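Welcome! Please look over the model below, and then we will walk through it together.

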Amino acid sequence: MNSRKYFIGIVAALVVSLAANPLTILAQDSTKRLILTEAITAAVNNNKAIQLSKLDESIAAANYKQTDAIYFTTSWFFLHRNEH
């Protein structure tokens with residue numbers, strides 16, 4: 001009978017200690033305040049579709065420059081070839 005009273009006493013002490021110290025105290029506050037520009041910047045940086053469209057834009061610009069370089073090199077070659 002003593003062991004039963006001892007067990008009930010331990011359980012009661014546990015319940016009282018948990019009630020006195022709620023578990024929410026252990027939780028971390030994960031909220032972070034952002035200003036609007038920080039939120040927009042974070043959204044743009046984390047959006048894969050926007051990143052892919054930026055890459056497409058860079059590829060298109062590089063292709064344009066390459067085409068432009070080929071055209072002007074050919075034109076320069078023909079202009080200087082005819083001078084001789």
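What percentage of the 84 residues in the chain is buried? Buried residues, meaning those under 20% relative accessible area (1.4 Å probe, protein chains only), make up 0% of the chain. This is a predicted model, in which local features need pLDDT of at least 70, side-chain atom pairs count only at pLDDT 80 or more, and totals for chains, interfaces and linings use all residues. Residues are numbered from 1 along each chain as its sequence is written, and side-chain values use heavy atoms, leaving out hydrogens and water.

**Helices**
- The chain has three helices and zero strands; these are DSSP runs numbered from the N terminus, helices (H or I) of at least four residues and strands (E) of at least two.

**Confidence**
- The mean pLDDT, the predictor's confidence in each residue from 0 to 100, is 76 for the chain.
- Among the elements, H1 has the lowest mean pLDDT (75), and helix H2 (residues 36-46) has the highest (87).

**Phenylalanine 7**
- Phenylalanine 7 sits in helix H1 (residues 2-20).
- Phenylalanine 7 counts as exposed (over 50%) because its relative accessibility is 55%.
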